[in-house]
Amino acid sequence: MLDIQLIRQKTSEIKASLNIRGSDYDIDKIINLDKQRRTLLQQTEQLKSKRNKTSKDIGNMKDNQSRVTLIDEMREVGNQISSLDNEVRKIESTLHKLMLEIPNIPHSDTPVGENDKDNVTIKEVGTKPSFDFIPKPHWEIGTNLGLIDFERGVKLSGSRFYVLNKGIARMQRALINFMLDLHTQQGYSECYLPFMVKEINFTAAGQLPKFADNIYRDIEDDAWFVTTAEVPLTNLHRDEIISSNDLPLFYTAYTPCFRREKFAAGKEVRGIKRGHQFDKVEMYALTTPDSSDEALNKLLIDAEETCKLLNLTYRVQRLCSGDLGFGSQITYDIEVWSPGCNEWLEVSSISNCGDFQARRANIRYRPKKNTKTEYVHTLNGSGLGIPRTLIAIIENNQQSDGRIQVPEALVPWMSNEEMIG
RNA sequence: GGAGGGAUGGCCGAGUGGACGAAGGCGGUUGUCUUGAAAACAACUGUGGGGGUAACCUCACCGGGGGUUCGAAUCCCUCUCCCUCCGCCA
C-alpha cells in the first residue's frame, strides 16, 4: 500500500510513476475521498469533543432541570455523530479498497517497458553446454527413465500434476536440503511455516485482492494454500514493532507452492515447468529503509551462488516497468539455461518491496528511542524454484546413454549417488 | 465436537456506568546525590488518525466487531484466541 500522505503531497509524481506500469489507476478518486474523509472527520470530532465535555458536566450537575435539557441536547448531538461516523466509515472502506488495488511505485531507475521482452539483461554467467548428440527435453529423459510419471499425476489430481520417482524424487528432496543448508550458511534463519494461512496474510503480502483467482482456498475455515513462502514470511512479523537492534532479519524457508492459474496446454507448459503444485526455497529479509538496497544485493548474490554451485548457466535480468510485480519496486530475475527445452527458465525473482508490504502488514521498527515508529522494508527472493532447477540439472547433465549425472555439489545430499538412471 | 473459565499498557495486576488513557508494582529512560557503581529520591515512560509553521489542540483505542446510554474498560450481542475437563483422532 502506498502512503496516503505521499499521494496527497506528490500527486503528479505518483501518477507519472504508476503510469509506466502500463495500467490506469484512479488517483484522483483517492484524493477526493481522502479530502471528504478529512472534512467529515473534523466535523465529527468537534461534535465528539463537545459531547465528551458536556457529558462530564452532566455527571457533576445538581440542577435537574438543566440536566435534563442538556441530556436531550446531547442525544441529538449523538445522532449527528453516528450519522457522520457512518459516512466516514463508508468512505474509509471505499478508500481502503482502492488503496489496496494500487501497485507499488517502480524504483526511479527502472527501465521503462511493456512486457518481458523489454527486460534488460544485466549479465550472463557460465557457458551453454555443448553436446555431441541432440539434447533431449527433461520430459523425455524423465519419462524414458521412468522417473517422471505424468499419466499417474493426471490420474491422481488432473492436468498439471505429476509424480516423481526414485532418483529425481530424491534429487528434488536433495535440492531442498542443499539450498536450506546453503542459505543458513549465508546467514538466513531457517523456518518451517504453515502451508495454509488466513486470508488476511494474502492481503498483507499484496497477493489479494488482485490475484484471488490464483489461490486455492477453503472458505469455510479461512484456510488459503500458500502460493509462495513469501506470503507467510511477510506475515511473520505482522502487527509488530521490531526492535531496531534486531534488524536486518533474514529468513529462509521451504514450502510447496499451490497456484491455480489456468494456462492453455501446449509447449509453454510442457513437462514440470508449470504445475499447480511445486516446491520452492525462499529467502526473505526485513530491513531498515537505508539498508534495503544492500539486502537486495545480498539476496541476488546468494541466489546466484546457488546456481554457480549447481554448475548452471544463468543470466540476470532487470525487470522493466511493465513486467514488475504488483508489490515490487525493483526486481531481478535469474534465468537458467535449459538446453533440452532450448530456453531460459526463470528460477528466481528477487524483489525489493520497500515499505509497500510493511504498510499493508503493519510491520514497524523504532529508529531511535522515543522517536516515532517507521515501516520496515521487505525483500524476497527465490533461492530457488525447485522444478525448474531440476529441469536445468536434468537437461544440462544428460548423458548420451540417457542417464543424468548428479552435480558435484549435490552428491553429498544424494547419499553420494553420482548418476541417476 | 460438548461443558466451563479467561483476554486490561513492555510485563505483572487493580478496576462493574461519570473524577479512567486507565491505580499499584516491575521493567525502561533521564536527572539529583556519588570519585565511579549500587542504593535512595524525582520526573518521564503506549499506538494510530485529524488540525496547526510551531507551542499545542483534538479524536479513537482496555482481544476484534456491533449495540444500549447524555456518558462504557465496566452493561448487552457476536466473533476470535487462550486455559481446564470430557469425547474423537494421525
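Lysine 166 is exposed, with a relative accessibility of 67%. I start there because at 67% this residue is over the 50% cut-off for exposed. Lysine 166 belongs to helix H7, and its phi is positive, about 40°, although the residue is not a glycine. What we have here is a predicted model, so every value I give is computed from that model.

Aspartate 239 sits in the loop between H9 and S8. For background, most residues other than glycine have a negative phi, and most peptide bonds are trans.

Between leucine 208 and proline 209 the bond is cis, with omega at about 5°. Proline 209 is in the loop that runs between helix H8 (199–205) and strand S6 (217–218). Another cis bond links leucine 247 to proline 248, and there omega is about 0°. Proline 248 is in the loop between S8 and strand S9 (249–258).

Now the chain as a whole. Chain A has 12 helices and 18 strands. Its C-alpha atoms fill a box of roughly 105 × 45 × 40 Å along the principal axes. Of the 421 residues in chain A, 48% are buried. The accessible surface is about 21300 Å², and carbon and sulfur atoms account for 46% of it. As for contacts between residues at least 6 apart in sequence, 73% join residues at least 24 apart. On charge, chain A carries 54 positive and 59 negative side chains, and the centres of these two sets are 5 Å apart.

Next, the inside. Which residues touch the most other members of the largest nonpolar core? They are Met171, Leu175, Ile334 and Leu410, in a core of 53 residues. Helix H7 (residues 166–185) supplies the largest share of this core, nine residues. Leucine 410 is in contact with Met171, Ala174, Leu175, Phe178, Leu310 and Ile393, if its neighbours within four places in sequence are left aside. Apart from this core there is another, of 25 residues, including Ile7, Leu84, Val88 and Ile102.

Histidine 237 lies between helix H9 (230–235) and strand S8 (240–242). Is histidine 237 buried or exposed? It counts as buried, because its relative accessibility of 12% is under the 20% cut-off. Not counting residues up to four places away in sequence, histidine 237 touches Ile242, Leu249, Tyr251, Leu286, Asn362 and Ile363. Isoleucine 363 is 126 residues away along the chain, yet the two C-alpha atoms are separated by 6.2 Å.

Last, the cysteines. How many disulfides does a search of the whole structure find? The search finds zero. For cysteine 257, the nearest cysteine sulfur is that of cysteine 191, 14 Å away. A disulfide needs the two sulfur atoms within 2.5 Å, so at 14 Å cysteine 257 is in none. Cysteine 257 is buried, with a relative accessible area of 0%. Cysteine 307 is in no disulfide either, and its nearest cysteine sulfur, that of cysteine 341, is 16 Å away. Cysteine 307 is likewise buried, at 0% relative accessibility.

Conventions. Residues numbered from 1 in each chain as written. Chains lettered and ligands numbered in written order. Predicted model: local features only at pLDDT ≥ 70, side-chain atom pairs only at ≥ 80, totals over all residues. Heavy atoms only, no water. Helix = DSSP H or I, 4+ residues; strand = E, 2+ residues; numbered from the N terminus. Buried < 20%, exposed > 50% of the residue type's maximum accessible area, 1.4 Å probe, protein only. Contact = heavy atoms within 4.5 Å. Areas by Shrake-Rupley, 256 points an atom, 1.4 Å probe, with all protein chains shown as cover. Lys, Arg positive; Asp, Glu negative; His and termini not counted. Charge placed at Lys NZ, Arg CZ, Asp CG, Glu CD. Core = buried A, V, L, I, M, F, W, Y, C linked by side-chain atoms within 4.5 Å.
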